[in-house]
Each structure stands twice: as C-alpha cells, then as structure tokens.
Amino acid sequence: MFSRLFAPRATAHAHCDLPCGVYDPAQAKLEAESVKATQEKYQANEDPHFRARAIIIKEQRAEAVKHHISVLWSDYFKAPHFEKYPQLHQLINDTLKAASAAKASTDPATGQALLDLIAEVDKIFWETKQA
C-alpha cells in the first residue's frame, strides 16, 4: 500500500543531469583563450617575476579547460551521441591531452592546438543540441 502511495506518478527522462542549458563548451574555450594569451604574454616579457606568475595562471586555466571538457564527456554526452559521432571519445581524449600539453608549455602554438580541438568539440556539441 505504501509503495503505491509514494510511487512516482510519472517518470521523467533527461539526457543530462540538469535541464538543458547548463553545459556549454564555451567555458572551456574561454579558459583556453586565456591559456594562449598568457603564453603570448609570457613570450613577450623577459621579467622573471612576470613569467613566474604567467606560468601559474596558464597552468590554472589549462586545468580549468580539462575540468570543463571532462564534465561535458561524463555528464552531457551520452551513448546516442557516441554512436552518432564515433570519433567523439578520441576527440575528447585528444582535447584533454592538448590541455595538458598547453599546461606544460609556454609555446602559443600549443594553446592554438587546444583551441582548434575545442572548436571540434563545440561543433559536435551544438549539433547534438539541435537534435
């Protein structure tokens, strides 16, 4: 009797943890733009104190990129997305590895490579939102 009394009257299904609009690769892109800009500022400045701070900031922003991409992978993208985009697992892995490479480097080319991969994730993300 109690089980029927407290049983849900309807079952809701969602493709993510919260209503749509919570997830967005724009957060990762913004952080990656900061990584690249910091790498460029590092290259343009010889002051060792400035460079030390730039490295700290760059590494923090690269970690934030990894967090945002990981959240998309684990919380937003679901089995139907991976079926439709079989390259998505590898793309996410490559993006996370590029964030690690940018974190370890002061070369703006690594920041650009990260931005390029995030653009690919972004394209797939918005295609899934249209479905």
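Visitor: What share of the contacts in the protein chain with a separation of 6 or more comes from residues 24 or more positions apart?

Guide: In this predicted model, such residues account for 74% of the contacts with a separation of 6 or more. The protein chain holds six helices and zero strands.

Visitor: How many aromatic pairs does a search of the whole structure find?

Guide: The search finds five aromatic pairs.

Visitor: Why is the pair of Tyr23 and Tyr76 called tilted?

Guide: The ring planes of Tyr23 and Tyr76 stand at 55°, so the pair is tilted. Planes under 30 degrees apart would count as stacked and those over 60 as edge-to-face. The ring centres are 6.0 Å apart, and the limit for a pair is 6.5 Å.

Visitor: What makes this a link between distant parts of the chain?

Guide: Tyr23 lies in the loop between α1 (2–6) and α2 (26–43), whereas Tyr76 belongs to helix α3 (residues 48–76). The two residues are 53 residues apart.

Visitor: Why is the pair of Tyr76 and Phe77 called edge-to-face?

Guide: Their planes are at 75°, and edge-to-face requires over 60 degrees, so the name applies. The centres of these rings are 5.2 Å apart. Tyr76 and Phe77 are both buried.

Visitor: Which residues form one aromatic cluster?

Guide: The cluster consists of Tyr23, Tyr76, Phe77, Phe82, Phe125 and Trp126.

Visitor: How do you know that the charged end of Arg51 sits over the ring of Tyr42?

Guide: The charged end of Arg51 is 4.1 Å from the centre of the Tyr42 ring, and the criterion asks for a distance within 6 Å, together with a position within 35 degrees of the ring normal. Arg51 is recorded as sitting over that ring.

Notes:
Residues numbered from 1 in each chain as written. Predicted model: local features only at pLDDT ≥ 70, side-chain atom pairs only at ≥ 80, totals over all residues. Heavy atoms only, no water. Helix = DSSP H or I, 4+ residues; strand = E, 2+ residues; numbered from the N terminus. Buried < 20%, exposed > 50% of the residue type's maximum accessible area, 1.4 Å probe, protein only. Contact = heavy atoms within 4.5 Å.
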